[in-house]
Structure formats: C-alpha cells, structure tokens
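Let's take a friendly walk through a protein model, one local feature at a time. Keep the sequence and the 3D view at hand as you read.

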Amino acid sequence: MIVEDDLAIRILMRRMLDSEGYNIVECGDGGEAVGLFEQVMPDLVLLDFMLPGLNGIEVCTQLKALPRGATVPVIMVTALDDPTAIEQAFEAGAFDYITKPVHWVALRHRVRRLIQYKRNQDQVLFQASLLEQVHNAVIVADGHDQVLYWNHAAKRLHQWDVTGDLSRTIGQYLLFPDGKPIHITDVEAKQVDGFWDTELVARQRNGTLLPVQTVFTSITDPNSLHHFTVGISIDITERKAQQQALHNSRELYRTLINHFPNGAVFLYDHTLTVSLVGGVDNTLFMHPNEQMTGHVLYDILPRSVMSTVMLPCQQALNGESSTVTVEYQDKIYQFYIHPVRDADNKVEAGLVMAQNITELKKAEQILREHQNSLEIIVEQRTSELTRTNEALQWEIAGRQRVEAELQYRVEFDQLMASISTRLISLGTMNIEQGIPFALQAIGEFANVERSFVFTLSEDEMLLHSIFEWVSPKIVDLEIGTTIQQYRTIPTALFPWMMERLSLGQAVSLDAIDDLPASASSERKLFIARGCQSCIIMPMTYNGKLTGFIGLDTVTERRSWEADVPPLLKMVGELFASVLEHRRTEAALRYSEQQLRQITDTMLDAVYQIDVDGVVQYASPSCWTVLGVRPDHLLHDNIFRYVHPDDVQQMRMAIKTVGTAEYRFRHSDGNYVWLETLGNILLADSDSGEGYVLASRNITERKRAEHELQELNRLKTEFLSTAAHELRTPLTSIRGFSEILITRQLDENRQKHFLKLINEQSSQLGKLIDDLLDISRLEAKRAMTLHVESLDLCLLINNLVQTFKEAAERHAFSVVAAEPCVAILGDRLRLSQVIQNLLSNAVKYSPKGGTVTIEIIERADRQLQVNISDQGIGMTPDQQVHLFEKFYRADASNTAISGTGLGLAISKLIVELHGGKIWAESVHGQGTTFAFTLPMVPADEAPADLASLITTQPAS
C-alpha cells in the first residue's frame, strides 16, 4: 500500500512496484490510509512523513495499534533527513526509512526483502506459537547432545537473550547435582516407559546454579525418523530453600528442647515476632506454647518482665549477648539472651533461654545463713580454734579491703555528683567557670600535679588547649612549660597519639621512656612540659573524637591505678557533652541572628504560615515583592491573595515538591507571577505545624519564557515546513529527470516532464529568494531601494491581471480615485508586497469569492491600500503573531504551501518605505490587510527622491 500526497512521486512508486509483480493500492491522505489498511490488510506499507490531515507518524502509530498491524512492515518516506525525524519514525513502529529524493534501486531491494521477511515471519510464528505458550522451560536436543530448540521460558531460566545460543550442548545447561554434565545417553539409560523425572541443576549464563525438577521424554520425527529428547524443567529453588529452612528450624528447636529442660526457650526475628517456642516451664508465658508462634514479645511476656528484657533483646539483634535476672510471681528466672547468626555471620534472630533458678537462689540463701552461723561459732570458739582464728583474720582483712574500695567508690560518686551538679547549675554557656573546678577536683582526687583539657577543631587539623589545673606544690618550682604556651597545636605534629585517640584508645605512660620510636614528636612535647608520667583519655561525642582530658606528674613517676582510667573516661564524656552543647547553642544563636538579619534584608519575601494559610511572620521585603505591607499581612490568610485557579495547585506543590509557581494579587489589583520555595515546620509529634515560604517575582521571566517558547515553536514549524517545501520540488525534479535520462519518451511527454521540472525549479527558486530577502531586510541598510516615482494604481492593476488568469475561482475588484497620486518607492519591492498579500487572499479563500483592492488617499498625506478577501479569517490569537517570521496562521494545513516569511518580508519592505502594515480579521468571515505609503506630489518631489524615504524600519 502506498500512502503519498505528492501525485508525481506516487506515480513513480506505482510504476516501479508494478514491474516487480506486486498488487498495489494507494491513497494520498492519512485518515483514508487507516481505513484502506483495514480493508486490504497489505503485506507492506510505503508511508510519507508529511501528509495532509494525519501526518505519517500518527498514521504509523494507528496502523500498529490495529489487530494485525503490528506484524506489517512500514517504510517511512521522509524529506526530513535528520536524527529526530528518524527516531520518531522508529518509535512509532516503522521497520525502515528512505529519504527524498528517492533512490529507486534501494527502495526496490528494501521492499523485496521486507515482503519475504513478512512471509517467513508468519510461518515461523505459527510453528513456534504452540511451544511458546508453555510456561515451563523446554529444551529439545538430538542424539549428539546438540540443543536444537528452546522456548522463551528456557531462555528466562538460563538468563539468555531472545535469540539465545543453539551452538551449545545440553550438558552446558543441565547438570547432575554433583556437577557432572547431562548426556543424552544418560537420559536414555534412566528412562522408564519413555520418561525420566529427576532433580538436576540448571546453569545460568552468569554461572549461577539453580535446582530444577526435570522430566525427559523421547520423540521421533515421522518424516526423518530421527530421535529427539525433550526436557521440561521447573525452578525449585524456593522449594529447596523452604525445605532447608524447615530442616534447620526443626533441628534447632529439637536441640534447645533436649538441652534446656528446666525453663523455656524461644526464637524471635527483627520485628520481635516469635518463630519458635519450647521448654517445660511456661509460667512466664501468657499463652500455651503452641499458641505463641507468630506473636510479638509484648503479647507473650508479662509487662514487668518485658520492661527488664526489652533492651537486651534488641541488643541481641545487634550482635550483643546479655544475662538478666528477673523476679516474677515469687520465682526467680535467669534470662540468657544471645544473637543467632546465619552462614554469612549476619544476625538473623535472637535466642532467649529463661531458666528457673528459684531453688538455686534458695540454696544460696541457706548457704549464706549457714556461713553466718559458722562465723558466729568461729567467733565464740576463737580461743580454742587457732586455724579458724587465722581464717577469720583473713576474712576481716578482706572486708577491710572491700570497705576501702566502697569508701573510694563513695568518694568517687560524690566527686562525680559534685562536678555534674556544678556544671549543670552553671549552664552550657558558663561552662568555663565549671571546668577549672572539675579539673582541680579530679587532680586532687587522683593525687596528680596537673590536669588539662584539649579540644579538637571541626576540621580535626588543630588542638586547642582551653583549661589546665596545676597543683600549688609545683607552681613555684617552674618545672616545664605551661598550657599557655600550647594554645593551638597542629594535630599533624602528634600522629602517634592522635591515631590512638581517634580509635578510642587511651594513652597511658608510667614513664615517658615507654614511648615508641615513632612517637618522637610526642616525646619532645612531654619532655618540654617536664612530664614524668601521664595518662590521656579521648573525649568523644556521638562516636566522634572532640578532644582529650589528661593527668600528669612532674616530680616523680607514677604507676596508674586501675581506677584512674574510668574516672577520666566519665569526666571526659561529661566534658564532651557540655562542650558540644555549648558549641551547639552558640551556633544556634548565631544562626538565628544571621537568619533574622538575612530575612530582614533579603530581596525575596519570607513569611511563615500555619496549616490553614494564616500568616504568622512576614519579612520587610513583602512590601516590595508582594505589594502588601508586612503588618497588614500578619494574621491574614495568604491564600486570599492567590489566584483562585492556582490555590489547590499551590497547596499540593508546597506539600509534595517544595516549590510552586502561581499568580498573586498585587496591591495594584493585577496578578503577578511568584516562584515560592517552601519548607514544612514539624511539631514534636511529626504532625504538620506550618510552612516557611520564600517568594520572588518572576513575572518578567514567565513572559520571557512564553516568548521563547513561541519563538522556538515558530522556528520548528518553519524548519519542518521549509524542509518539506524544499525537498518536494527537488524530489519531483530528480524523479522526472531520471525518467528523461533512463527512458525513451515521445516528444510530447518529454515536453510535459520538462515543463514540470521547470515549474518545480521556479518554486524552489521562489523559496530561496524568500529566505535571502528576509536575511537582507533584517540587515536593514544591507538592502538598497531603487526609488522612483510610481503610479501605484497602475502597478496594482497590472498585478491583478496576472492573478485573474491563475485564480479562476476568484473575482477581483480594484477601487481607486482617478487620477492616482504618485508615490516614491521601489517598484520591484512594492510589487513583492502586493503579490504576497494577493497570494494570501487567494490561498486562504479556498472556496473562491471576491478579492477587493481599495486605494485611499488619506488626509495625513498617506496613501492606504486595503486588500480584503472572503476566506477563512483568523482568530485573535493568530492575529497577534501574524507578522512574525516563520509564522503561518494555519500551519496544520500542509495542503497550503508557504514558509511563513511572506508577511514578515512585506512588513519590512513597507517600513523601509516609511509606511505601516496591519491586518483586521473575523474568524470564518475573511481578512483585510492594509498598508500605508507616504504621498509625494510630483511638483514637490526633490531631485534626490530617496531622501524622502526612511531607510530604517519603524520600531
């Protein structure tokens, strides 16, 4: 089927295809092509890209949507030889394309190839449709293990593309569970009654192995008597995984039950849902064992028990083990809570083993009571039992040690309470007054001579010494340097120490000589400070190193007791917390101050609204941007100012996208375009509390965007139309010239074809002239006017005579005063203007009618020419763009030729003559084009006629 609106090209295509023996149907309209396709169902469609009515892309899309249209090849014939047009053709479903001028030999071969492809495709689709309906993977192999066929399900199972790979053997796709490849001889040996059902392994293209259940059977081709083996497989990966998981779960359950008889055991997943339950003592549970699977821990454990074990249960899912003692209903339980890991060492569940230790605790209590009784007996019999007395003395010494440790702990707790109370009472902003007190307290408590604190800069490049306490007993000794000499130190000077602190490790030195050779910088610092022994503990906040706290001695070496690191660690954590809070509060206040200054001085209007749109804050810039005073905007509803058509869209955009463009009523009553960026303010409950909005006036930008879009649209239409208009005559010229060269024609036909070539050449030249004219005219002074005195009435009458002969359906009427006043102008250029306007009147009056030309002498010494038609007229929107370059009032109608340059050229020519041009139209009733030219009576004409004409176009 040929779909081409150019009759000459359609004739050439029909003659070429007739000689190949094809049956041809043809049409020249897109809508007619769709109906004709359904009637004849052709094997191939030659489709022109540019058609009246539906264009080629739309026709191709509709053909492919028909029941049998998807399999019919379509060749697009296009004059638009550009990547965008070609891409559109293929996206619409075209099989191939060919450009104009048509290369007839290439077209003949492409048609022949696609016709054969269509016939082969129909036969193959019919034969393969049966097996392709099967959902299981099907592989057919011959007696030599060679794969002859596999369906789409098999290709999906083995992860091959649509074409697959039939150059392989069946053993490369199917294996025994031990990895040995399958051979057809193995299959034949294991078949019973012609079938063998077994579990195998399927190998995918990337090497992955999947378990499959496969049934083999043998078939014989009745024509060739060859034997073939058919394997039908299904993926059983999920089934095998479920079987293995069930087996593992049962084994784990059995092990727990067998080895944990005195209590209860259960498994839970990451959602705290119980998956396995067992044990003989279910006193703790709120349901029988068989009913607890699938419940969360909150549902099966009492509230008092759950409050104790909740945190350890969550920690077990993070890989931590815990032991917790719980008392419930006069019983004591020991909970052992551990993570359960999979083969990849990832925590997949938590295991809880709850053991009733009530009797054990009772036995311990009885033992303690007996021990107390024994101590009394020993005290009563001290004089008689020497060995017992010695044991008693040892026990007393032990108790004294315990009391000393307890006393130390009490003093330690009092120290921490004192430091904490002092820091809390001062507040984070006065922390400088509390840290010296704390450093003195821990220095005296630890019996050291100096204590100090260093903080780390945000970029971790510098250390800042902020506080130091020095014991009074060494102040007068002037031993070593002080903190005043180390206010700021680069961290790069102490790589050994900083590496350990960044890993959370303390630096503990009983002697400076214990430093390794790699810590040379640290050694110099400690020696300069006169340090004999030191201990330094990292300070961290949220896992990040923020500084360190340290103790050192200068008069003697010190072996640090085990209780010193915990003291430093606790004080360091306290310092890190309050220092970070101070920094955060200071940054917050600075940020709030800056934000207030920015919002008060920024050009954008900033305001805060609640969820209903009531304004709670408005910046001073609201007056310049929104035209509303900030104090008038407060407590008013912002949506009252938004254009009613934009309110809903603005609400949704602010909530979802965060930005919106909408119209806002200015104080002058006009609507302006605003671009608003919004952020949601959330309350503590995560419910919406309101929005902070920042708006700017984008009215000029929206106007510029609209103008740019319109210009791009006009240029696109021009390029499409110009390409079509240029290639169409070129195609005809080439086609008819090829006929003249390759065929013997009689003289009449030769003249006819030469006439057609001449007409198309003239049309091509006219298009090129228009393009050159618009270029010259836009250059303003680049075009020279050949000015002379003209009788405009005579000029118009001569041009009308030409149109009367060409446009037989139209009547022409010229109305003018006699005699006609002479004007100054370029005869050729003014003729071009009148021809353009007369041509438009004829083209856009397809049903004929009268074209009226009026020549009016105006009182302002201007000669006005009106050219009116009775055609289709124009809408107000079309009239706005009428004199723009590349604009065509009815661009969708490709039957009306033109590039959209005629009126733009006419406007520039009239303005070069010092006149004006405009149009008046009523849609459906006709259009009147009018232009004026200055009148210059012959007796007033100067010697230099051109001096009376403005050579610059009017603005």
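Proline 101 sits in the loop between strand S5 (96–99) and helix H5 (104–132); helices (H or I, at least four residues) and strands (E, at least two) are DSSP runs, numbered from the N terminus. A cis peptide bond links lysine 100 to proline 101, with omega at about -5°. Most peptide bonds are trans, and most residues other than glycine have a negative phi.

This is a predicted model, in which local features need pLDDT of at least 70 and side-chain atom pairs count only at pLDDT 80 or more, while totals for chains, interfaces and linings use all residues. Residues are numbered from 1 along each chain as its sequence is written, and side-chain values use heavy atoms, with hydrogens and water left out.

Next come two loop residues with a positive phi. Asparagine 447, in the loop between helix H13 (431–446) and strand S17 (450–456), has a phi near 60°. Arginine 861 also has a phi near 60°, and its place is the loop between strand S31 (849–857) and strand S32 (862–868).

How open are these residues, and some cysteines, to the surroundings? The table uses relative accessible area: buried means under 20%, exposed over 50%, and partly exposed in between (1.4 Å probe, protein chains only).

| Residue | Relative accessible area | Class |
|---|---|---|
| Asparagine 447 | 56% | exposed |
| Arginine 861 | 42% | partly exposed |
| Cysteine 793 | 8% | buried |
| Cysteine 820 | 17% | buried |
| Cysteine 313 | 2% | buried |
| Cysteine 622 | 0% | buried |

How many disulfides does a search of the whole structure find? There is one, where a disulfide is a pair of cysteine sulfur atoms within 2.5 Å. It joins cysteine 793 to cysteine 820, with 2.3 Å from S to S. Cysteine 793 belongs to helix H23 (residues 792–806) and cysteine 820 to the loop between strand S29 (810–816) and strand S30 (822–826), so the pair ties together parts 27 residues apart in sequence. The link of cysteine 793 and cysteine 820 is right-handed, with 75° about the S-S bond.

Finally, look at a pair of helices. Helix H2 (residues 30–40) and helix H3 (residues 56–65) pack at an angle of about 20°, their axes 9 Å apart. Axes are lines fitted to C-alpha atoms, for helices over the stretch in contact, and angles run from 0 to 180 degrees between N-to-C directions. Gly30, Ala33, Val34 and Phe37 in H2 meet Val59, Gln62 and Leu63 in H3, where contact means heavy atoms within 4.5 Å.
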